Amino acid sequence: MLSSNITQIQANSQRLDQICATAPVIPVLTLNNAEQAIGIGKALVSGGLTVLEITLRSDYALAAISQLKLALPDAIIGAGTVLNNRQYQACMDAGADFIVSPGSTVELLRFGSTSKVPLLPGVASVSEIMQAMALGYRRFKLFPAAVVGGIDALKAFSGPLAEVKFCPTGGIKPSNAAEYLALDNVMCVGGTWLAPKDLVKQGDWKAIEALAKSAAQLKASQLNHASA
Ligand code: 3PG
C-alpha cells in the first residue's frame, strides 16, 4: 500500500492547474551556459511563454534554474528530466517551481506526494496512471505522447479516467499542438521546438521570441477557429 499526503497532493494539483493555465505551451529546454539561459529565457517570456522547463540534460541545468529565477522573477521555472529523489531535492534547492519526470517510479511518486514543490509525473499507460492515482495524483505528463497514442490515447483515457488531465509532451509540434490543446483533458502541451538547436547555436533570440509568440497564440486561435 502506497502512502501519501492527500492534502499536499491536492494542493499540488491545483498549483499545476494554475501553472498550466498560464501559457498553452511549456518550452522544454536544455541549457548549456549563462548566455543561453538568459537569452532564451528572456526571448520566450517576452514572446508570451512564461512557464519554462529546464531539463537536467546538461551540467548547467541547476545553475540555469537559479539564474532564471533571479533574472525572470515573474516567470515560472520548472525542472525536467528528473529521474530520482536526489535530483528532485537538488532542483528544489535550486529554486524550481515545479518538477517534471519522464516516467513514474514509486520512489518519486512518494517523494512528490509530500513535497511542496509539485511533481508532474510522466506516464505512458493506464496502469501507471492508476498507480499514481492511488497516491492522489490527477495531473500527468503524457510521454512520449506521439509514440504512446497521442490524440487517440488521450481521447480514450477521458472515459475511464475522467478526473485526470495531461500535459502531453514528445512529438508535439506547431502543426499538431492546437489539436492536442482542443482536448478537454489537456491542460497545456510541452515541447522542444521553441528552442531549435540551429537558432540556439546562432544565438538568434529574436527568432526564438517569434516562435514563442506564435505558440502563445495557439489556444486562442484554436478557440476562435472552433467558435467561427
Ligand atoms: C521531453 O523531455 O519532454 C521531450 O524531449 C520533448 O520531446 P520533443 O522533442 O518531441 O518536443
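User: Quick one to start: what percentage of the 228 residues of the chain count as buried?
Analyst: This is a predicted model, and in it 50% of the 228 residues of the chain count as buried.

User: And how does the radius of gyration fit with a compact globule?
Analyst: The chain has a radius of gyration of 17 Å, which agrees with the value near 17 Å that a compact globule of 228 residues would have. Along its principal axes, the C-alpha trace spans about 50 × 45 × 30 Å.

User: What about the surface, how much accessible area is there, and what share belongs to carbon and sulfur atoms?
Analyst: The accessible surface of the chain comes to about 10,100 Å², and carbon and sulfur atoms contribute 55% of that.

User: Switching to secondary structure, how many helices and strands are there?
Analyst: The chain contains eleven helices and nine strands. Six strands form an open sheet with parallel pairing, and their order is S5-S4-S3-S2-S1-S9.

User: Which strands sit at the edges of that sheet?
Analyst: The edge strands are S5, at residues 119-120, and S9, at residues 189-191, each of which pairs on one side only.

User: How many bridges join S3 to S4?
Analyst: Two bridges join strand S3 (residues 76-80) to strand S4 (residues 98-100), and these two strands run parallel. As for a specific pair, Gly-78 has Phe-98 in S4 as its bridge partner.

User: OK, now helix H10. What span does it have, and what would be expected?
Analyst: Helix H10 covers residues 205-216, twelve residues in all, and reaches 16 Å from its first C-alpha to its last, close to the 16 Å expected at 1.5 Å a residue.

User: Which residues of H10 are buried?
Analyst: The buried residues of H10 are Ile-208, Glu-209, Ala-212 and Ala-215. Seen down the axis of H10, these buried residues fall within an arc of 120°, so they line one face of the helix.

User: Why would residues three or four places apart point the same way?
Analyst: An α-helix has 3.6 residues a turn, so residues with that spacing point the same way.

User: Let's stay with Ile-208: what is its relative accessible area, and what does it touch?
Analyst: Ile-208 has a relative accessible area of 0%, and because buried means under 20%, Ile-208 counts as buried. Leaving aside residues up to four places away in sequence, Ile-208 touches Ile-40, Ala-43, Leu-44, Leu-194, Ala-195, Leu-199 and Val-200.

User: Where is Ile-129 relative to Ile-208, in sequence and in space?
Analyst: Ile-208 and Ile-129 are 79 residues apart in sequence, and their C-alpha atoms are 34 Å apart in space.

Note on methods
Residues are numbered from 1 along each chain as its sequence is written. This is a predicted model: local features need pLDDT of at least 70, side-chain atom pairs count only at pLDDT 80 or more; totals for chains, interfaces and linings use all residues. Side-chain values use heavy atoms; hydrogens and water are left out. Helices (H or I, at least four residues) and strands (E, at least two) are DSSP runs, numbered from the N terminus. The expected span of a helix is 1.5 Å times one less than its number of residues. Buried means under 20% relative accessible area, exposed over 50%, partly exposed in between (1.4 Å probe, protein chains only). The arc is that of the directions from the helix axis to the C-beta atoms. The radius of gyration is taken over C-alpha atoms; the globule rule is 2.2 Å times the number of residues to the power 0.38. Accessible areas come from the Shrake-Rupley method with a 1.4 Å probe; for residues, only the protein chains shown count as cover. Two strands pair if DSSP finds at least two bridges between them. Contact means heavy atoms within 4.5 Å.
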